[in-house]
Amino acid sequence: MGAGTRVSRKVAVSLVAVVLVAGCTTRSEQPNSPPGASSETRPTATAPVATVPSAGTPAPVPPPATQASFAAVATFKAGDASADILAADLNGDGALDLATPNYNSNDVAVMLADGGGGYQAPVILTAGRTPNGLAAGDFNSDGHQDLVAANLGSDDVSLLLGDGTGKFGAPTAFPAGDGPARAVARDLNGDGFLDVVTPNLNGDDVTVLLGDGKGGFAAPGHHPAGDGALRLSVVDLDGDRKLDLAVSNYNSGDITVLKGDGGGRFGPPTAYPAGDTSAGAAIADFNDDGFADIVSALYEVDQIAVLFGDGKGGFGGPVVLGSGEHPSDTGVGDFNGDGFADIVAPNFDSDDVSLLHGDGKGGFSAPVSVKVGSGAPAIVVTDFNGDGKADFATADSLADTVSVLLNTTGG
């Protein structure tokens, strides 16, 4: 990895499963969304009406009067072939720390914030075989953040219990599905305890692990998804106050919706075309109609697809936008402070992030390139420095680093 890897990108793609599609758990998949990324239905005097534009490839809208700006990229050492990136306060000091699952070295790297805007050298934790996804949460009800790694090669998840100081215990393995590609932590059955759900790249399904609040999980439940289930978001898509799943399927090029019953069980999948090699399922309301929309990266064709929601759990055809070379994930946030959700997508082969400003009506300006590290398969959007602006960070799998971009819009 590092210097000299550019000539071996295609080899890296075969080694790092995330790179064959990539992606990260963004804060839009967590209980707290980044600035401007809320997908909750807004209360109104009358029932909102969904706006679902026709599928197609629209011309970019004019750029906004105020465009997002960022400080110079700051890079920090991570692990060997980081496949995902997570931002959470892992030691209780009020600052967001970073963590990555590292595909080549079968471990997790934790980078604690140093209090000066940077990150300490990574602390390496053992995981399973070829970890590809990572989630954080309190799984044993002790008030401290724990980590769960989805291990693509060993078909399980590793639970690492935290002590609240940034240190973690030895991993405990729980069986998942065939090739878990990501891990998302939410309370799926309303019992107050965090559960875990994984999309399974090889099994074409999702696995639900219901937590007991004591650091354990019930036997896994499996639900069909799509061909090459890679990424998912957890959100109420039909307004029934029960969490549903939106899964991006790399091989079948679609998004499948699995409606939840509120008890941790999910119905059969309904597929909505996205485009070739769908590699993301970030959620936001892009046209201000009060309903959740989905944005996915189309890795092989260098495009981004937005599917507008109808408020009933369904979606229209893909609205296709431009990107850089091999977009591998998607994130959302209001990066220029105009109140509208924008899109960010890391591009694995052009070593940048495409930023598309949204106009709040379902339109997007032409992508702006923001440079990051080499071979970024994943992005996380959050406010790192507490200034109320949406920042982002990428995992840089070919450089074995993470790149942090702080938002400077408006000074």
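This is a predicted model: local features need pLDDT of at least 70, side-chain atom pairs count only at pLDDT 80 or more; totals for chains, interfaces and linings use all residues.

Residues are numbered from 1 along each chain as its sequence is written, and side-chain values use heavy atoms, with hydrogens and water left out.

Let us begin with the sheet. Four strands, in the order β10-β11-β12-β13, make up an open sheet with antiparallel pairing. Strands here are DSSP runs of E, at least two residues long, numbered from the N terminus, and two of them pair if DSSP finds at least two bridges between them. Because β10 (184–186) and β13 (221–224) each have a single partner strand, they stand at the edges, and one side of each is left without a neighbour in the sheet. Within the sheet, β11 (residues 195–200) pairs with β12 (residues 205–209) over five bridges.

I turn now to Ser323. Where is Ser323 placed? Ser323 sits in the loop between β21 (319–322) and β22 (331–333). Its relative accessibility is 19%, so Ser323 counts as buried; buried means under 20% relative accessible area, with a 1.4 Å probe and protein chains only.

The side chain of Ser323 has a polar atom 3.1 Å from the backbone oxygen of Asp302, and this side chain also reaches the backbone nitrogen of Gln303 at 3.4 Å.

Notes:
Buried means under 20% relative accessible area, exposed over 50%, partly exposed in between (1.4 Å probe, protein chains only). A polar contact is a pair of N or O atoms within 3.5 Å; within protein, one must be able to donate a hydrogen and the other to accept it, and residues adjacent in sequence count only if both atoms are side-chain atoms.
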